[in-house]
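Here is a short report on one protein model. Look over the sequence and the structure first, then read on.

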Amino acid sequence: MAKPAWNRNMGLLKSVEDRALSKKIEDDQKKQPAGSAPYFHKDCMSNILLCLPLESLPSSRFVCKPWYNIINSRTFIESHFRRSESVLIFLKSISRGRSYPYSTPYPFHMTSIPEEEGNAFSVEVAFLQSNLKTVPIFGPHIAGSSSKFFIQFMEFKDRKIKVGKYNVSCLGNIRATCNGLILLDNHVKKGLIVMNPVTRKFIALPLGTLCYYLKESYGFALNHVTGDYKLVHLFRDEFEYVTCETLDLATRSWRAVNGPSFGLFNWFGHAPVSAIGALHWIPQLDNSNFIVSMEVENESFHRIPLPQSCTTHDRVMEMGGLLCFVTHEDLNIDIWNLKSVHEGIWTKQYSITKGSLIDMVPLFSLRISGDVVFRRKEDGSFHAYDFKSEVMREFEMDKECNASFGSYLPHVNSLLSWTPTTHILVQKRVGSRFNGFHQMW
């Protein structure tokens, strides 16, 4: 039985379209350079690249021009940042093989230009190579060291801790972190360095007012109004007043601002926490009844009363876009949140009644899962509280972890930069998971 004419015409039209498409694909393939990667849609390739391991991304940019454009695009950087889980960044001594607390003063001595070990990226060597005309090779500004450190990080996943490596070495101390950027001491030339250890891009900054390390504190935050990163330096002057100076990375110059009221600070032992548009300090070693907050935008200071007295094992942290106060009440751990610096009203959001111990120090909140990570003072072990199952679980330590020594700072491995044209203006919203504890991106 003969097919209808319209059916034969449709089949002929489809055959023509298929041949035209095949010819177009062949022509596109002929135009591609020899040995180039097969063609994929840009969105498809972006999703594939997002699944690559962290250490592969920087080098993958140079596979081909399309990959370079994708990985350096704002869309890709933003997507990667949203998918990145929180980690703890720390320093590990190359010579002694142990971690060092960030507040420890290192015995740096002038010797010679530090040499790279293997294929490691040395911050100091890279700085020297980029400043050969301004920094004398063997002059007094060259800071060598008897101690050299690798910058590493801890990943918390599936009840296990894995040590990740950037293959980056330095001589200086990590002062603060923000959105994947770290603030380093510059021991080649007096000053500071802001660096992304993933991309290995860095920028040199002038040093603020010189001060004894126990009498100062550095904060690092993103101004969500202007989109610029800001450094905040608190320090005690010769009259024991706490003075403040700030630096915008856009201008790279320090300027004095009005500091907190006299008598608010007794110490600078805990690094400040960035949340709800401000930096927050616990100003007392023990039994502090308030925190001191500085708004990043207008640089004004506030004294905010705590819902209860802060003890040695209590901390403030950013969690789900809010500032949280994690405090011990007998054998329970209570979590309070603060939504606004100006209102100063704390709301008790959660109480951990299972598996908590009095010596568990809260470190940070995992930004994807929402779990809170603790570290025990007694044995240095790490634990995480799962709000879904209401269970406190201990992490299995990697062989390279040294839980008995060292300090750590919360960090996010990202591809972000400090320049307004490339960094992502992160907007935080609060969801409803865990009775309000959830961060939506």
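Where is the place of Y241? Y241 sits in the loop between strand 10 (229-236) and strand 11 (242-248).

## About the model

This is a predicted model, in which local features need pLDDT of at least 70, side-chain atom pairs count only at pLDDT 80 or more, and totals for chains, interfaces and linings use all residues. Residues are numbered from 1 along each chain as its sequence is written, and side-chain values use heavy atoms, with hydrogens and water left out.

## Overall build

The protein has seven helices and 27 strands. Both are DSSP runs numbered from the N terminus: helices are H or I with at least four residues, strands are E with at least two. Of the 441 residues, 49% count as buried. Buried means under 20% relative accessible area, exposed means over 50%, and partly exposed lies in between (1.4 Å probe, protein chains only).

Contact means heavy atoms within 4.5 Å. Among contacts with a separation of 6 or more, 55% join residues 24 or more positions apart.

Y241 is partly exposed, with a relative accessible area of 44%. With F239 and F262, Y241 makes a nonpolar surface patch of about 400 Å². Such a patch takes residues with over 30% relative accessible area and no salt bridge, and joins nonpolar side chains (Val, Leu, Ile, Met, Phe, Trp, Tyr) within 5 Å. A salt bridge is a side-chain nitrogen of Lys or Arg within 4 Å of a carboxyl oxygen of Asp or Glu. Accessible areas come from the Shrake-Rupley method with a 1.4 Å probe.

E240 lies in the loop between strand 10 and strand 11. E240 is partly exposed, at 35% relative accessible area. Its phi is near 70°, a positive value in a residue other than glycine. Most residues other than glycine have a negative phi.

## The cores

A nonpolar core is a set of buried Ala, Val, Leu, Ile, Met, Phe, Trp, Tyr and Cys residues joined through side-chain atoms within 4.5 Å. The largest has 48 residues; I151, L184, V194, F220, Y229 and L231 touch the most other members. Apart from it lies another core of 16 residues, among them L264, F290, V296 and F301.

## A buried serine

Is S356 buried or exposed? S356 is buried, with a relative accessible area of 7%. S356 is found in the loop between strand 20 (346-352) and strand 21 (360-365). Its side chain reaches the backbone oxygen of L331 at 2.3 Å. Leaving aside neighbours within four places in sequence, S356 is in contact with L331, N332, I333 and M392.

Methods:
Patch = residues over 30% accessible without salt bridge, like charges linked within 9 Å, V, L, I, M, F, W, Y side chains within 5 Å. Polar contact = N/O pair within 3.5 Å; in protein donor to acceptor, adjacent residues only side chain to side chain.
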